Amino acid sequence: MENPASGANTVSVAWSTGLEYGQAAAISFTGADQTNCIDVSVNTTGSAKNNTLSITTTNDNEFLVNAIGIDYVYSSAPTHGAGQTGLYSVKDSLISAGASYKSVGATGSYSMAEDWAGFLNSAFAHVIVAVKPSTGGAA
């Protein structure tokens with residue numbers, strides 16, 4: 001939501017047909033660019049017990065928002081990497097998911113990591129989005 005009203009807001013998620021299961025979450029940041037909030041994003045999928053993903057920003061003072069979904073009954077909830085502020089980390093009967101963020105001061109390359117326990121590698125999808133600050137201030 002761009003420029004949401006202060007206080008609680010409702011976010012609705014509609015799954016496309018054929019989706020077996022999923023999780024959704026919403027966050028908001030004060031001071032984000034209201035007309036073009038996404039600087040860059042990166043994503044990857046794979047099968048492992050951890051993943052580190054890197055992103056290169058093109059603006060100073062951005063928030064990096066990191067999210068992961070893990071598809072394996074026997075995996076644990078993810079643990080966020082050093083320097084990341086956790087938004088959530090959950091494990092339900094079929095999947096695990098988590099999200100975190102960190103603020104970066106200067107344009108550059110940054111990494112965000114997620115780890116999870118399990119006796120086998122787990123399929124995952126991992127994404128980072130760089131949120132641009134509003135003109136004249138930090139996000």
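This report describes the strands and sheets of a predicted model, followed by some residues in the segment before strand S1.

**The five-stranded sheet**

Five strands make up an open sheet, and their order across it is S1-S8-S3-S6-S5. The pairing in this sheet is antiparallel. Strand S1 and strand S5 (85-91) are the edge strands, each pairing on one side only. From one strand to the next, the twist averages 10 degrees.

Strand S3 covers residues 62-71, and strand S6 covers residues 96-104. These two strands are joined by nine bridges in the antiparallel sense. Within this pair, glycine 69 stands opposite alanine 97 of S6.

On its other pairing, S6 runs antiparallel to S5, and six bridges join the two. Lysine 91 has serine 96 in S6 as its bridge partner. S5 and S6 form a hairpin, with four residues between the strands.

In a regular strand, side chains alternate between the two faces of the sheet.

**The three-stranded sheet**

A further open sheet is formed by three strands in the order S2-S7-S4, again with antiparallel pairing. Its edge strands are strand S2 (50-56) and strand S4 (79-80), and each pairs on one side only. S2 pairs with strand S7 (residues 109-115) over seven bridges, in the antiparallel sense. Asparagine 50 stands opposite aspartate 115 in S7.

| Strand pair | Sense | Bridges |
|---|---|---|
| S3 and S6 | antiparallel | nine bridges |
| S5 and S6 | antiparallel | six bridges |
| S2 and S7 | antiparallel | seven bridges |

**Before strand S1**

Strand S1 spans residues 38-48, and valine 11 lies in the segment before it. Val11 belongs to a nonpolar patch on the surface, together with Val13, Trp15 and Leu19. The accessible area of these residues together is about 390 Å².

Glutamine 34 is also found in the segment before S1.

A polar atom of the glutamine 34 side chain lies 3.0 Å from the backbone oxygen of alanine 32. Glutamine 34 and proline 4 are 30 residues apart along the chain, while their C-alpha atoms are separated by 9.6 Å.

Conventions
Residues are numbered from 1 along each chain as its sequence is written. This is a predicted model: local features need pLDDT of at least 70, side-chain atom pairs count only at pLDDT 80 or more; totals for chains, interfaces and linings use all residues. Side-chain values use heavy atoms; hydrogens and water are left out. Two strands pair if DSSP finds at least two bridges between them. Patches are made of residues with over 30% relative accessible area and no salt bridge: like charges are joined within 9 Å, nonpolar side chains (Val, Leu, Ile, Met, Phe, Trp, Tyr) within 5 Å. Accessible areas come from the Shrake-Rupley method with a 1.4 Å probe; for residues, only the protein chains shown count as cover. A salt bridge is a side-chain nitrogen of Lys or Arg within 4 Å of a carboxyl oxygen of Asp or Glu. A polar contact is a pair of N or O atoms within 3.5 Å; within protein, one must be able to donate a hydrogen and the other to accept it, and residues adjacent in sequence count only if both atoms are side-chain atoms. Axes are lines fitted to C-alpha atoms, for helices over the stretch in contact, and angles run from 0 to 180 degrees between N-to-C directions.
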